[in-house]
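Welcome! Please take a look at the protein below before reading on.

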Amino acid sequence: MGWKITTIIVLVAVATGLFLSGVFKTPPEPLEFQDNYWGRGAKPSSKPPKDHDKIHEISVNVPNASLVDLKNRLKNSHWFEALENVEFQYGFRLNYMQDLVTYWTDKYDWKKQEAYLNTFPHYKTNIEGIDVHFIRVKPKLKPGQTAKPLMIVHGWPGSVFEFYKMIPMLVDPTSHGGSEDEVFEVIAPSIPGYGFSEVPHKKGFDQIAAGQMFLKLMERLGFEKFYVQGGDWGALITRSMALLKPSVIKGLHTNMPTVKFSAAYGFYLMLGSVAPSLAGLTEEDYDKVYPASRQLFFTLQESGYYHLQASKPDTVGFALNDSPVGLAAYILEKFSTWTNPANRDLSDGGLEKYYTKDELLTSVMIYWLTGTITSSMRFYKETFAGRALEAPTLQVTVPSGVAAFPYEIIGHVPESWCYWGYPNLVHYTTMPTGGHFAAFEQPGLLAEDIRVFVRKVEALDAPEKVADQ
């Protein structure tokens with residue numbers, strides 16, 4: 001009798017899971033290219049000039065007047081009285097910020113950092129009415145050697161700068177533990193409205209629009225097929241690229257897998273708490289997912305920024321765009337908590353465990369000097385409209401890989417659950433350490449995982465190549 005009851009329970013669970021998963025629902029329409037224009041004013045009715053798709057090499061060069069203005073603002077900062085016996089639990093700690101501002105004013109050398117930024121080639125090209133900035137780093141190839149094209153996309157509050165430690169590992173693998181067959185040519189664009197890319201001048205610029213724009217960029221650069229990698233918004237943008245034009249994406253690697261938080265997710269979350277194996281969970285998965293209240297409580301504590309930016313980004317933008325100290329506190333508090341939640345109990349927020357003061361301040365300076373903090377936050381509001389809401393329900397069909405870092409802010413996504421959004425998952429790594437800013441914090445681990453993933457994808461193509469010979 002016991003086996004009959006168990007069988008019935010399993011069948012009911014499977015049937016309920018299938019029903020809640022949406023298998024019996026009409027799937028949303030696939031993503032398609034749109035006739036977008038993000039420039040100022042109306043879209044030009046005449047044909048664009050012959051050189052409209054020209055690529056211009058540029059360099060980062062900030063006028064001294066901007067640096068003088070910054071120093072004056074730092075010297076005139078208004079401070080508040082801090083609570084006693086508080087580290088980063090209430091946000092950025094006052095004493096540490098005062099020390100950081102002293103360093104920023106007296107020792108930080110932007111021109112030195114500017115020269116470092118210019119060690120990689122920078123370019124701009126006009127796509128859909130606005131100038132898109134990107135870095136393109138080509139490897140030094142031996143005769144007969146080829147490089148695999150890879151686009152890497154940042155998120156918020158990041159920039160292309162967070163890839164500077166990882167890029168050399170990808171373009172020069174033999175100097176960083178890789179082999180000669182694992183050479184990449186890296187393209188790292190700035191999301192429009194972030195850093196050195198122009199701000200979209202129309203409403204509606206979301207991850208799908210960015211994905212379309214970056215597909216056009218890669219086509220303009222002459223790449224027929226390529227790999228993509230991303231975390232945070234970069235994860236959703238590269239996902240959109242794979243949904244819009246899967247034929248050109250050889251493989252998608254992400255350090256923030258996105259799974260639709262649907263009724264099915266809730267069902268499997270409840271099922272896994274009492275019958276982990278039925279929910280596809282390993283013992284390690286179980287320990288990371290449960291108690292589910294732990295992740296829920298963390299999300300409630302740490303998602304205030306998301307609600308603010310998804311509702312009234314321009315309001316908070318006035319404050320952040322006017323105060324360099326306010327901007328630094330807002331951005332760097334995320335680098336603290338999102339690297340490891342335990343950093344909230346440290347006097348320096350754990351910021352200097354993996355980042356230097358120069359690296360932290362350069363990350364802030366890119367937003368300050370370009371005045372793009374407000375436009376970057378608008379990306380959150382655009383996510384709650386139109387097709388951007390439906391995109392997470394679509395499945396990515398290209399070969400996919402996941403690097404699961406233990407302190408990722410969205411929580412642990414088990415390998416078995418990743419198949420819901422990435423049915424062609426060919427690679428999954430449980431990382432020993434690391435948080436949300438993987439490329440910035442753990443460049444070696446992420447670079448190696450990208451190499452392993454690409455090796456697996458290339459091996460999948462090998463039988464086809466042999467058959468064609």
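What follows is a short tour of this predicted model, from its overall build to some of its side chains.

Residues are numbered from 1 along each chain as its sequence is written. Because the model is predicted, local features need pLDDT of at least 70 and side-chain atom pairs count only at pLDDT 80 or more, while totals for chains, interfaces and linings use all residues; side-chain values use heavy atoms, with hydrogens and water left out.

**The overall build**

The protein has 19 helices and 9 strands; helices (H or I, at least four residues) and strands (E, at least two) are DSSP runs, numbered from the N terminus. Its radius of gyration is 23 Å, close to the 23 Å that the globule rule gives for 469 residues, so the protein is as compact as a globular protein of that length. That radius is taken over C-alpha atoms, and the globule rule is 2.2 Å times the number of residues to the power 0.38. The C-alpha trace spans about 80 × 65 × 50 Å along its principal axes. Of the 469 residues, 51% are buried, where buried means under 20% relative accessible area, exposed over 50%, and partly exposed in between (1.4 Å probe, protein chains only).

**The sheet and its helices**

An open sheet of 9 strands runs in the order β1-β2-β3-β5-β4-β6-β7-β8-β9, with mixed pairing; two strands pair if DSSP finds at least two bridges between them. At the edges stand β1 (55–58) and β9 (425–430), each with a single partner strand, so one side of each is left without a neighbour in the sheet. From one strand to the next, the twist averages 25°. Axes here are lines fitted to C-alpha atoms, for helices over the stretch in contact, and angles run from 0 to 180 degrees between N-to-C directions.

Strand β4 (residues 148–153) runs parallel to β5, and 4 bridges join them. Methionine 151 stands opposite isoleucine 187 in β5.

| Helix | Strand used for the angle | Angle |
|---|---|---|
| α6 | β2 (122–127) | about 115° |
| α7 (residues 233–244) | β6 | about 150° |

Is α16 enclosed or open? Of its 10 residues, 8 are buried, so α16 is largely enclosed by the rest of the structure. The buried residues include Met377, Phe379 and Tyr380, and what covers them includes α6, α7 and α15 (357–370). Glutamine 207 lies in helix α6 and counts as buried because its relative accessibility is 2%. Among the residues that glutamine 207 touches, not counting those up to four places away in sequence, are Trp233, Leu236 and Phe379.

**Rings and charges**

The structure holds 34 aromatic pairs. Rings of Phe, Tyr and Trp (its six-membered ring) pair if their centres lie within 6.5 Å; planes under 30 degrees apart count as stacked, over 60 as edge-to-face and the rest as tilted. Phenylalanine 161 and tyrosine 164 have ring centres 5.8 Å apart and planes at 45°, so this pair is tilted. Tyrosine 194 and phenylalanine 379 form an edge-to-face pair, 6.1 Å centre to centre with 85° between the planes. Tyrosine 194 and phenylalanine 379 are 185 residues apart, and both are buried.

Finally, the charged end of arginine 239 sits over the ring of tyrosine 422, 5.4 Å from its centre. A charge sits over a ring if NZ of Lys or CZ of Arg is within 6 Å of the ring centre and within 35 degrees of the ring normal.

Terms used: Contact means heavy atoms within 4.5 Å.
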